[in-house]
Protein chains: 2
Amino acid sequence: MPGSAVVAAETVGRVSLYRVLLSGLQQAGIKGVFSHQLSTSAGVSAAQVRRDIITLGYSGSPQHGYDVAELIESIDNFLDAPDGQNVALVGVGNLGRAVASYFAGRRPKLRLVALFDIDPEKSGRVICGVRCYPQEKITEVVRSERVSIVILGVPAPAAQAVADACVAGGARGILNFAPVALRVPPGVYVENLDMARSLEKVAYFARKAGG
Amino acid sequence: MPGSAVVAAETVGRVSLYRVLLSGLQQAGIKGVFSHQLSTSAGVSAAQVRRDIITLGYSGSPQHGYDVAELIESIDNFLDAPDGQNVALVGVGNLGRAVASYFAGRRPKLRLVALFDIDPEKSGRVICGVRCYPQEKITEVVRSERVSIVILGVPAPAAQAVADACVAGGARGILNFAPVALRVPPGVYVENLDMARSLEKVAYFARKAGG
DNA sequence: GCTATGCTGTGAGCGCGTTCACAGTGTGTG
DNA sequence: CACACACTGTGAACGCGCTCACAGCATAGC
């Protein structure tokens, strides 16, 4: 049964990408797809695609490949919580607003229900249709709004304290944009997304490859 | 000699993180640091930190650990091009502006020299102190401005065409925010940074761990 | 001076995600 | 009816990054 086995984080990431690609195919009216087609669009090997799909509990046929609609449904079952998950965003700067607008209505199963900012100008207002609270209320609101996922867009020095407040309120997952390793209790998942780091990787290899 | 050996992308990313952490220590007036201290802040093992530092060509002493200033200098030598690298940003949306403001003046060795946007309202103007060009000029401007790194903040359907134009102009590295695998010639490095994917990973593991 | 301590540098080994290569299977073709 | 073909599903093997564990070494304490 899918869901009981341990799934690697990389697999989950790829599956998420497959869903985006499959949605594109579906909108183009394409009904079936083969592993090597997905592998080209996703930039991974065909064997990888097949293994990933098996972990979803879905099977294709050697004759017609995978049914696009069915595969999307399998991915939905795999990735999404049946009744959705509530998301909060801490730090409504440029980055925070970009993330907020990015997810506005695009992921119905992930509802952005609260913003937090340390700036009194922002807290109390409604931004992008979501209410912004002062940062002291994090634990309280995270708990009352049943937030399970927090997007952390605050400066590095504040990140740990904010993370602690979120965890105290019951958050189970953190998407951390700050360049520090967060200390969290077991059972809380942290994904780091450091843009500066990524850019410097690109800069490094651009230099090494180019000369 | 460092620079000649093949270095893993993960190592480069961690080294970039070390530099951020070390800068913080330096500003706090701390002169020396041990591998286990860095390892705690970076969220990796101490052995990992030591191995990474060796690849820089720097050595500490068993008595005093690593000299913060010297280590930062070694990282600078390792990561940065002596005369810097020019960066362009394509797609001046919410995300693009966030990235632009994020790097404004923070990385002196990475100069943001050009913006591109398909919207005629934006192209022609100067945004955040950088001139914005129409998207048709990418190849031309990338070449004339000697841009080696491109940040791609355009929608997925446009990403491949823009990437091709950038490569044609001589770009050697791409930071791609679009959820597609770019096809690029050998020698061009692509780093994918898909925020939706990362968030869905967090959502998945928040659900699995929490229940 | 001799031992204890704690760090760096590193060879060896491990684990895990990925890839290889092929068996299984049904369809299309002559 | 037999054969060729293309794709899925998967056991086995590979490779690479990471970790373990220890040698080397200088200082601190007695």
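## Protein chains A and B with DNA strand C

A base oxygen of DNA strand C lies 2.9 Å from an N or O atom in the side chain of Arg51(B). The surface near DNA strand C draws two or more residues from each of four helices: H1 (9-27) and H3 (46-56) of chain A, and H2 (35-42) and H3 (46-56) of chain B. The model is predicted.

**The DNA surface**

In total, 21 residues surround DNA strand C, and the closest are Arg14(A), Ser45(A), Arg51(A), Ser35(B) and Gly60(B). By residue type, the surface near DNA strand C consists of six nonpolar, nine polar and six charged residues.

| Residue | Part of DNA strand C | Distance |
|---|---|---|
| Gln48(A) | sugar or linking oxygen | 3.0 Å |
| Arg51(A) | base oxygen | 2.5 Å |
| Arg51(B) | base oxygen | 2.9 Å |

**Domains of chain A**

Chain A is divided into domain 1, residues 9-79, and domain 2, residues 85-197. The C-alpha centres of domain 1 and domain 2 of chain A are 30 Å apart.

**The interface of chains A and B**

Chain A contributes 64 residues to its contact with chain B, and chain B contributes 64 residues as well. About 5600 Å² of area is buried between chain A and chain B, and carbon and sulfur atoms give 68% of that area.

Six salt bridges are found across the interface of chain A and chain B. In one salt bridge, the side chain of Glu200(B) meets that of Arg107(A), with an N to O distance of 2.5 Å. Across the interface of chain A and chain B there are also 20 residue pairs in polar contact, with both residues at pLDDT 80 or more.

Several elements of chain A each supply at least two residues of the side that touches chain B. Among them are the helices H1, H2 (35-42), H4 (68-79), H5 (94-103) and H8 (195-210). The strands S7 (147-152), S8 (173-176) and S9 (189-192) of chain A also each supply at least two residues. Which element gives the largest share of the side of chain A that touches chain B? That element is H8(A), with 16 residues. The residues of the side of chain A that touches chain B divide into 37 nonpolar, 15 polar and 12 charged.

Notes
Residues are numbered from 1 along each chain as its sequence is written. Chains are lettered from A and ligands numbered from 1 in the order in which they are written. This is a predicted model: local features need pLDDT of at least 70, side-chain atom pairs count only at pLDDT 80 or more; totals for chains, interfaces and linings use all residues. Side-chain values use heavy atoms; hydrogens and water are left out. Domain bounds come from an automatic or database domain assignment. A residue is near a molecule or strand if one of its heavy atoms lies within 4 Å of it. A polar contact is a pair of N or O atoms within 3.5 Å; within protein, one must be able to donate a hydrogen and the other to accept it, and residues adjacent in sequence count only if both atoms are side-chain atoms. Ala, Val, Leu, Ile, Met, Phe, Trp, Tyr, Cys and Pro count as nonpolar, Asp, Glu, Lys and Arg as charged, and the others, Gly among them, as polar. Contact means heavy atoms within 4.5 Å. Buried area is the accessible area (1.4 Å probe) that two parts lose on being put together, summed over both. A salt bridge is a side-chain nitrogen of Lys or Arg within 4 Å of a carboxyl oxygen of Asp or Glu.
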